[in-house]
Amino acid sequence: MENMNFTLFLNEDLIFVGKSFNNAEESITFLSNKLFEKGYTKEGFLEAVLKREQKFPTGLYLGNINVAIPHTDTKFANKSGLAIAVLQNPVKFRRMDNPTEEIPVHIIFLLVIVEPDEYVRFLSKLTSAFGDQKFLAQVFSSEKPQFVYTLMSQIINPVKERKFSIYED
């Protein structure tokens, strides 16, 4: 279990670039529906994510490019996965560390995880990458889902030398 291949969480069909939404709820609904269509989630997932987001906001203020990592209880998961939306225009999410404040979010990572310990380890990999503004800038400027997929693969299961650029050989 220690050497779990988190790349299996990624699916290019669940990566959306240049998306526009009016608000956080609309973006979560879109991504939740895509996860449901692909068999990742059970009935009630969307409602559970929205309810949890109200109680425990997931917006992370990181500087120039902010992210949100909405998720919910593992009981709504059929299989572990990740839906990603890189937004054309940011939408407001409430901050995780200060729920009364809203921040503009540029990238949304909607998680669906089967095992609780998987969740902790996967989230740890994800949040460590969030500290790298270069990585976030590359994800945000990606014009194709496969670019985001490649970048995410590099941080989720890094090889010996960690490179974030998809443009290098």
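Biologist: What makes the crossing of α4 with α5 left-handed?

Modeller: In this predicted model, α4 passes α5 in a left-handed crossing. The term applies because the near helix is turned anticlockwise from the far one by less than a right angle.

Biologist: How do you know whether α4 runs roughly parallel or antiparallel to α5?

Modeller: The two axes lie 9 Å apart, and α4 and α5 pack at an angle of about 155 degrees. Angles over 145 degrees count as roughly antiparallel, so α4 is roughly antiparallel to α5.

Biologist: Which residues of α4 and α5 meet, and what is the class of this contact?

Modeller: On the α4 side they are Phe135, Gln138 and Val139, and these meet Val148, Leu151, Met152 and Ile155 of α5. The contact comprises six nonpolar residues, one polar residue and no charged residues.

Biologist: What makes the largest group of 29 residues a nonpolar core?

Modeller: Its members are buried residues of nonpolar types, joined through side-chain atoms within 4.5 Å. Ile84, Ile107, Phe109, Leu126 and Met152 touch the most other members. At least two residues come from each of β1 (15-19), β4 (81-94), β5 (102-112), α3 (116-130), α4 (133-141) and α5 (145-156). The most is given by α3, with six residues.

Biologist: Which residues does Leu126 contact, apart from its neighbours within four places in sequence?

Modeller: Leu126 is in contact with Ile69, Phe109, Leu111, Met152 and Ile155. A separate second core has 27 residues, including Phe45, Leu46, Val91 and Ile108. In general, nonpolar side chains tend to be buried together in soluble globular proteins.

Biologist: Why are Phe45, Leu46, Ala48, Val49, Leu50 and Glu53 of helix α2 given their burial label?

Modeller: These residues of α2 (residues 45-55) are buried, which means that each has under 20% relative accessible area. The buried residues of α2 pack against α1 (24-37), β2 (59-60), β4 and β5.

Biologist: In what order do the helices and strands of the protein run?

Modeller: The protein has five helices and five strands, and from the N terminus they run β-α-α-β-β-β-β-α-α-α.

Terms used: Residues numbered from 1 in each chain as written. Predicted model: local features only at pLDDT ≥ 70, side-chain atom pairs only at ≥ 80, totals over all residues. Heavy atoms only, no water. Buried < 20%, exposed > 50% of the residue type's maximum accessible area, 1.4 Å probe, protein only. Helix = DSSP H or I, 4+ residues; strand = E, 2+ residues; numbered from the N terminus. Contact = heavy atoms within 4.5 Å. Axes fitted to C-alpha atoms, helices over the stretch in contact; angles between N-to-C directions. Parallel < 35°, antiparallel > 145°, perpendicular 65-115°, else oblique. Nonpolar A, V, L, I, M, F, W, Y, C, P; charged D, E, K, R; others polar.
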